[in-house]
Amino acid sequence: MKIDYLIVGQGLAGSLLAYFLEKAGASIYVIDPDGEGSASRRAAGLINPVTGRYFVKSWRVDELIPFARQTYRDLEQLLGGSFFHERSILRALGSAKEENDWLARAGDPGYQAYMGDHANKIELDQLLYPTLAYGQTLQSAQLNVSVFLDFFQKQLLGKNQLSKKYFHYGELFVTPNGVTYGDIEASRVVFCEGYGGIKNPFFNYLPFRGDKGEVLIVEIPGAGFERIVKQNNTFLAPLGNDLYWVGATYAWQFTDDQPSEQARQELLERLKTVVKLPFKIVDHWAAIRPTVKDRRPFLGQHPELPSLWIFNGLGTKGASLAPFWARHLSEVMLEGKAMDGEVDIQRFD
Ligand SMILES: Cc1cc2nc3c(=O)[nH]c(=O)nc-3n(C[C@H](O)[C@H](O)[C@H](O)COP(=O)(O)OP(=O)(O)OC[C@H]3O[C@@H](n4cnc5c(N)ncnc54)[C@H](O)[C@@H]3O)c2cc1C
């Protein structure tokens with residue numbers, strides 16, 4: 001089989017890249033055993049314009065969010081599914097200082113597009129333990145990542161563009177015209193393996209820094225709550241059918257990617273201070289986020305083997321970063337556009 005691009009990994013990075021390359025007319029083929037347990041499959045898929053204690057705008061949010069919104073809407077049309085939900089994030093403001101900080105920021109012209117009025121506290125008080133007030137984000141959203149990836153996978157399988165196998169690096173050969181892998185001949189290969197990239201012998205010189213995250217999936221019968229809440233350092237995001245994603249933990253040091261009793265207890269204790277209604281834990285997930293020391297993605301071409309490329313390092317914000325940077329990488333590879341220096345792996349030369 002002869003193709004233009006072989007893509008390794010079908011998480012958010014590989015899927016969005018496959019979408020933009022094909023949209024621009026390139027032929028693609030994807031290899032991924034199934035991604036169960038990948039960061040993408042464990043994420044809440046939140047797109048959050050203002051983050052942290054000081055309510056600071058996320059990096060390049062003015063470009064990233066509108067582009068992500070348009071891309072996921074286009075993908076819903078293309079794939080015939082529903083997985084992108086525009087939802088405000090209700091940010092608990094526990095003290096007068098926090099409330100003042102929120103209001104001061106919301107008054108800044110650069111933030112008005114992202115920070116709205118107070119939410120209706122009375123409605124929330126029936127579900128959650130009281131806090132002083134809630135601030136409400138605008139333009140935030142929740143991508144149901146697993147549903148999106150399932151739809152995308154189905155489309156790839158339907159067009160014979162996916163092999164559900166592990167990619168063995170030792171079986172890749174670089175040729176004068178590109179690469180070969182088994183019976184596949186490709187002009188280029190793009191590696192999108194998330195934290196699995198630490199095993200990639202061509203790119204493991206890059207400063208990968210994993211961040212283990214754990215979450216609980218809980219059932220709160222009758223909560224009927226369709227918005228996202230952040231209270232006591234904990235996100236509560238609706239999954240439908242009374243199920244909620246609760247998380248997450250962050251750990252730079254870890255020995256495996258499995259759920260741990262310690263994180264379960266930590267999340268449970270946090271949740272007990274947030275949700276008033278009875279709840280039941282129905283699942284507990286863990287995965288490693290593909291984070292980078294300087295918190296910027298890895299995009300680029302191998303310094304010595306020009307047919308080898310990488311799209312990785314989406315860190316804690318894959319849902320908002322993947323569309324914009326996948327399109328950028330496709331333009332660099334197909335049209336020879338200059339690579340944005342902030343994400344180019346050449347910064348590590
Ligand atoms: C608990 C948790 C919560 C998160 N919440 C959010 C959130 O709310 N919002 C947000 O934007 N981001 C969130 N993230 C981060 C987000 O999940 C990541 O930024 C993003 O999913 C990374 O996507 P990826 O495709 O680069 O990697 P991955 O999702 O890890 O996908 C990599 C894929 O490559 C495949 N692969 C690896 N090695 C090979 C190989 N050798 N051969 C073939 N296939 C291979 C894997 O099977 C996998 O499918 C969260 C992450 C975690 C862990």
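The structure is a predicted model, in which local features need pLDDT of at least 70 and side-chain atom pairs count only at pLDDT 80 or more, while totals for chains, interfaces and linings use all residues. Residues are numbered from 1 along each chain as its sequence is written, and side-chain values use heavy atoms, with hydrogens and water left out.

Helix α1 covers residues 12-23 and helix α8 residues 318-335; helices here are DSSP runs of H or I with at least four residues, strands are runs of E with at least two, and both are numbered from the N terminus. The axes of α1 and α8 are 8 Å apart and meet at about 45 degrees, where axes are lines fitted to C-alpha atoms over the stretch in contact and angles run from 0 to 180 degrees between N-to-C directions. That angle makes α1 oblique to α8 (under 35 degrees is roughly parallel, over 145 roughly antiparallel, 65 to 115 roughly perpendicular, and the rest oblique). On the α1 side, Leu12, Leu16, Leu17, Phe20 and Leu21 make the contact, meaning heavy atoms within 4.5 Å. Their partners in α8 include Gly318, Ala322, Arg327 and Met333. Sorted by type, the residues of this contact come out as 12 nonpolar, two polar and one charged (Ala, Val, Leu, Ile, Met, Phe, Trp, Tyr, Cys and Pro count as nonpolar, Asp, Glu, Lys and Arg as charged, and the others, Gly among them, as polar).

Helix α1 also packs on helix α3 (residues 61-79), at about 75 degrees and with the axes 12 Å apart, so α1 and α3 are roughly perpendicular. Leu12, Leu16, Tyr19 and Phe20 of α1 meet α3 residues including Phe67, Tyr72, Asp74 and Leu78. Eight nonpolar residues, one polar and one charged make up the contact of α1 with α3.

Beyond its neighbours within four places in sequence, proline 290 contacts Ala39, Gly194, Tyr195, Asn312, Gly313, Leu314 and Gly315. Its C-alpha atom is 9.2 Å from that of glycine 318, 28 residues apart along the chain.

Arginine 42 belongs to helix α2, residues 39-42.
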